[in-house]
Amino acid sequence: MALREIFLKIYADIPLNLRKEIILILDKEPLTWNVAYVEVVNNTEKSKQILKKLRELKII
């Protein structure tokens, strides 16, 4: 399963109030689940960095 698919599956199971929590700092910028979701859904270049970091941190 691709990292994108894993992320989307995990995101769907996260309670709404937790989606506002910071999960990652990327380029000195805090990212919440919601921000990461927008990047991943839009398949941006930043989303590739986000997915890679989340995998390294064993979040996904």
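1. A nonpolar core here is a set of buried Ala, Val, Leu, Ile, Met, Phe, Trp, Tyr and Cys residues joined through side-chain atoms within 4.5 Å; buried is under 20% relative accessible area, exposed over 50%, partly exposed in between (1.4 Å probe, protein chains only). Helices (H or I, at least four residues) and strands (E, at least two) are DSSP runs numbered from the N terminus.

2. The model is predicted: local features need pLDDT of at least 70, side-chain atom pairs count only at pLDDT 80 or more, and totals for chains, interfaces and linings use all residues. Residues are numbered from 1 along each chain as its sequence is written, and side-chain values use heavy atoms, without hydrogens and water.

3. Beyond its neighbours within four places in sequence, Phe 7 is in contact (heavy atoms within 4.5 Å) with Trp 33, Ala 36, Tyr 37, Val 40, Leu 51, Leu 54 and Ile 60.

4. Asp 27 is not a glycine, yet has a positive phi of about 55°. Asp 27 sits in the loop between β1 and β2 (29-32) and is exposed, at 62% relative accessibility.

5. Lys 58, also not a glycine, has a positive phi of about 60°. Lys 58 belongs to the segment after α3 and is exposed, with a relative accessible area of 73%.
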